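Good morning, colleagues. Please look at the structure on the screen while I take you through a few of its local features.

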Amino acid sequence: MLFQIVLLIGFGCLITLLLLLLVLFEPGLPYRVVDGGLVSDAADFVSLLGVLVDSEVKQAQAADVLTNGAEFYEAELEAIRGSCRSVHIETFIFHPSAIADRFVAELVECARRGVSVRVVVDAIGSFPTPDSYFDALRQAGGESVGISPFAGTP
């Protein structure tokens, strides 16, 4: 009887782990917007765009399309370098790497200039990154915290 209970609990744990892994590592859902004849300056188009990106859409004269990490990282690093008051970064994945080292170095320089720097990383998505990775940032006056969706707080 005890063996059956242990076997049942073990099987339940295995199934739970499998489902968790499937949820965490499944590929994103593909989506596309089919041209419905909306004009890009129409209010409906702006509303649709806001829904797709889950963000408030601001009016601007121009926008740069950054098609890959190399373009995006350089643009973000340039924006960090040009910051005057604050830099706030929230990211799911932040792993030790050459580009991450560049980000930390730029953030440290910002903090040394008196810019308010705050970095929030997901504790699960950034699991390989030790808390000590941000020591130089903290020593320069910046803040860094890892959050966990399970704890709900840092």
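Predicted model: local features only at pLDDT ≥ 70, side-chain atom pairs only at ≥ 80, totals over all residues.

Let me begin with the helices. Two packed helices are described by the angle between their axes and the distance between the axes. Here the pair consists of helix α3, residues 69-81, and helix α4, residues 98-112. Their axes lie 9 Å apart and meet at an angle of about 15°. Because angles under 35 degrees count as roughly parallel, α3 and α4 are described as roughly parallel to each other. The crossing of α3 past α4 is left-handed.

Which residues form this contact between α3 and α4? From α3 come Tyr-73, Glu-74, Glu-76, Leu-77, Ile-80 and Arg-81. They meet Ile-99, Arg-102, Phe-103, Glu-106, Leu-107 and Cys-110 of α4. By class, the residues of this contact comprise seven nonpolar and five charged, with no polar ones.

Cys-110 is buried, its relative accessible area being 0%. How many disulfides does a search of the whole structure find? The search finds zero. For Cys-110, the closest cysteine sulfur belongs to Cys-84 and is 9.3 Å away, so the two sulfurs are too far apart for a bond; the cut-off for a disulfide is 2.5 Å.

I turn now to Glu-78, which is also placed in helix α3. Is Glu-78 buried or exposed? With a relative accessible area of 56%, Glu-78 is exposed. Between Glu-78 and Gly-114 there is a separation of 36 residues in sequence, and their C-alpha atoms are 17 Å apart in space.

Next, the backbone of Asp-54. Most residues other than glycine have a negative phi. Asp-54 is not a glycine, yet its phi is positive, at about 50°. This residue sits in the loop between α2, residues 43-53, and α3. Asp-54 counts as exposed, at 71% relative accessibility.

Finally, consider Ser-144 in strand β3, which spans residues 143-147. Ser-144 has 15% relative accessibility, and it counts as buried because the limit is under 20%. What does Ser-144 contact, leaving aside its neighbours within four places in sequence? Its contacts are Val-119, Phe-134, Leu-137 and Arg-138.

Thank you for your attention.

Technical notes. Residues numbered from 1 in each chain as written. Heavy atoms only, no water. Buried < 20%, exposed > 50% of the residue type's maximum accessible area, 1.4 Å probe, protein only. Axes fitted to C-alpha atoms, helices over the stretch in contact; angles between N-to-C directions. Helix = DSSP H or I, 4+ residues; strand = E, 2+ residues; numbered from the N terminus. Parallel < 35°, antiparallel > 145°, perpendicular 65-115°, else oblique. Left-handed = near helix turned anticlockwise from the far one by under 90°. Contact = heavy atoms within 4.5 Å. Nonpolar A, V, L, I, M, F, W, Y, C, P; charged D, E, K, R; others polar.
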